[in-house]
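Please read them with the structure open beside you.

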Amino acid sequence: MESAAEAIRSINPDVGIETLAERLDEAKLERHLADVDLVIDGCDNFQTRHAVNAACVASGTPLVSGAVIRMEGQLAVFRADRPGQPCYHCLFPASEDVAETCSETGILSPLPGIIGSLQALEAIKILSGCGTPSDSKLLVFDATQSSWRSLRIPKDPNCPVCARH
Ligand SMILES: [Zn+2]
């Protein structure tokens, strides 16, 4: 984490960086989200993704979610700052199942850069108001074919996380 902060400072010393070397429980997540305009999620497990999503919904914070595994990447933009939008839980309902992790299955090395760059692009569009963000869409990249699919994410009217927001 500190090496990433140093790398960013070496590129642009004017960027403000605050690193947190601590686990974030629900209360800490909500407290930190009160100070941010947008969340870019690169979590490596579903439990954390769902916790971050719930905090974003509660605080009305946009969430740009990215995931990579094996030969596939996914990008989804959730606009909790706008009414009637779906959330991460609408797309991937929480499950007790133990999901695969990238350390178990591997990742084709260019994929994190591809998805991470797209997350940065979506974040810039949302924060600047420039262009058209990919709100409520799931973009899926198949690295074996170098092809993209775009799917609209429906809002679950019974979603336990966002239905009341
Ligand atoms: Zn939802």
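This is a predicted model: local features need pLDDT of at least 70, side-chain atom pairs count only at pLDDT 80 or more; totals for chains, interfaces and linings use all residues.

1. The largest nonpolar core holds 24 residues, and C56, V57, L63, F78, A80 and C87 are the ones that touch the most other members. Two or more residues come from each of helix 3, strand 2, strand 3, helix 4 (88-91) and helix 6. Helix 3 is the largest giver, with five residues. As background, nonpolar side chains in soluble globular proteins tend to be buried together.

2. Leaving out residues up to four places away in sequence, A80 touches C56, V57, G60, T61, P62, L63, Q85 and C87. Among these partners, C56, V57, L63 and C87 are also named with A80 as the core residues that touch the most other members.

3. Next, the overall layout. The protein has six helices and five strands, and along the sequence they follow the pattern α-α-β-α-β-β-α-α-α-β-β. The radius of gyration is 16 Å, close to the 15 Å that the globule rule gives for 165 residues, so the protein is as compact as a globular protein of that length. Its C-alpha trace spans about 45 × 40 × 35 Å along the principal axes.

4. Two percentages describe the packing. Of the 165 residues, 22% count as buried. Among contacts with a separation of 6 or more, 61% are between residues 24 or more positions apart.

5. In general, strands of a sheet pair through backbone hydrogen bonds, either parallel or antiparallel.

6. Strand 5, in contrast, is hardly covered: among its six residues, the count of buried ones is zero.

7. Two antiparallel pairings can be followed residue by residue. Strand 3 (residues 72-78) and strand 4 (residues 137-142) are joined by five bridges, and A76 stands opposite L138 in strand 4. Strand 4 also pairs with strand 5 in the antiparallel sense, over six bridges. There, V140 stands opposite R149 in strand 5.

8. Most residues other than glycine have a negative phi. S136, however, has a positive phi near 55 degrees, and S146 has a positive phi near 50 degrees. S136 lies in the loop between helix 6 (110-128) and strand 4. S146 belongs to the hairpin of strand 4 and strand 5, which has four residues between the strands.

9. Which of buried or exposed describes S136? S136 counts as buried because it has 21 C-beta neighbours inside 10 Å, and the cut-off for buried is 20 or more. What about S146, buried or exposed? S146 has 7 C-beta neighbours inside 10 Å, so it counts as exposed; the cut-off there is 12 or fewer.

Key:
Residues are numbered from 1 along each chain as its sequence is written. Two strands pair if DSSP finds at least two bridges between them. A nonpolar core is a set of buried Ala, Val, Leu, Ile, Met, Phe, Trp, Tyr and Cys residues joined through C-beta atoms within 7 Å. Two residues are in contact if their C-beta atoms, placed from the backbone, lie within 7 Å. The radius of gyration is taken over C-alpha atoms; the globule rule is 2.2 Å times the number of residues to the power 0.38.
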